[in-house]
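Please look over the sequence and the model that follow, and keep both at hand while reading the paragraphs below them.

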Amino acid sequence: MADLKLTGITKAYGEVRVLRDIDLDIKAGELIVFVGPSGCGKSTLLRMIAGLERISGGTLEIDGARMNDVPPAQRGIAMVFQSYALYPHMTVRDNMAFALKIAKKSPEEIEKAVDNAARILQLTPYLDRLPKALSGGQRQRVAIGRAIVRDPKVYLFDEPLSNLDAALRVATRIEIAQLKEQMPDRTMIYVTHDQVEAMTLASRIVVLAGGGIAQVGTPLELYERPRNEFVAQFIGSPSMNLLSGEITATGAMTTVKLDGGGVAGVAIPTTREDMGLRVNLGVRPEDLVPTEGAALFTGKVDIVEALGEVTLLYFAPEGDVETGVVAKLPGIHRDIRHSTVKLAADPAKLHLFHEGRSLLYR
């Protein structure tokens, strides 16, 4: 088991700072997922933890020991890369055993470690095959097995599923979740751009943006209580709708008059000083429901995506509404395209943002 502590971590290439002031405590046994847009520094941060990138500033500690200048091989870390990086001329068994042979472990220790990892990853029937005789998912499992045999304190995964097709990605994601269940005391840090992987695997998610941390929390915390508009729109698919408006009544319930003509009651308390404040009302597509009564949004359906279990309705921008609205309705909705639909939402599921920040966290 291993705790990690990142304090004021900074990464700079010359005058360009790509990461700044990263403070993060990771507890032993957690599965932490780094997510964020391309170029936000999530893989760079992972590589600094691994020792493959120099830390420009700040301190990295593992189990209380400073690791800034410790070589990668002495950090007690194993890394699974985006590319499988298997030796093509070696069998699965030899690929998994290679690091232990370099460490001069005994043949008995090596055999026991390889057999145990193969059993966990369901690779036992393939131990004598070459990588070219395996599927993409099996090759990735071999790469994970190569990490398991080293029995590290911390596992690092750098977008391990991005090279797999959709079906294999789902299957391998489930296998990684099962692997964590079998090793509950092992600390894992996982980098991905796929929010489905983040939401389904993580103990906590670290959302990176603009060179820093936008928010840290459990998957449901980020989904239900985003701290800012970036997190609100990054987590969830389709993205959260943002409708501009003005606060017209304050108190335990806040009333917002929307620029598009709708009115919304929001279960977020405000004060008299907030009267007239310009805000963005956030509502997730799945929280919008058709109504015959008062609506927070009314529009003509422009595009329909019928997915079977849900139907996505896309409304084109109209009037003062700068962006289109998306609604996610359960079930199948036929002949709804070009219809005018009125939508409402539960006040408890609405969000208010002022200058990009959630009013919940003032």
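**A mixed sheet and the helix across it**

Strand β3 (residues 31-35) and strand β8 (residues 187-191) pair in the parallel sense over 4 bridges, where strands are DSSP runs of E of at least two residues, helices are runs of H or I of at least four, both numbered from the N terminus, and two strands pair if DSSP finds at least two bridges between them. Within this pairing, I32 stands opposite I189 in β8. The model is a predicted one, in which local features need pLDDT of at least 70 and side-chain atom pairs count only at pLDDT 80 or more, while totals for chains, interfaces and linings use all residues. Residues are numbered from 1 along each chain as its sequence is written, and side-chain values use heavy atoms, with hydrogens and water left out.

Both strands belong to an open sheet of 6 strands with mixed pairing, in the order β6-β7-β8-β3-β9-β10. Because β6 and β10 (212-217) stand at the edges with a single partner strand each, one side of each has no neighbour in the sheet. From one strand to the next, the twist averages 20 degrees, with axes fitted to C-alpha atoms (for helices over the stretch in contact) and angles running from 0 to 180 degrees between N-to-C directions. Helix α1 (residues 42-50) lies across β3, β6, β7 (154-158), β8 and β9 (204-209), and runs at about 150 degrees to β7, contact meaning heavy atoms within 4.5 Å.

Elsewhere, strand β14 (residues 278-283) pairs with strand β20 (residues 351-354) in the antiparallel sense over 3 bridges, and L281 has L352 as its bridge partner in β20.
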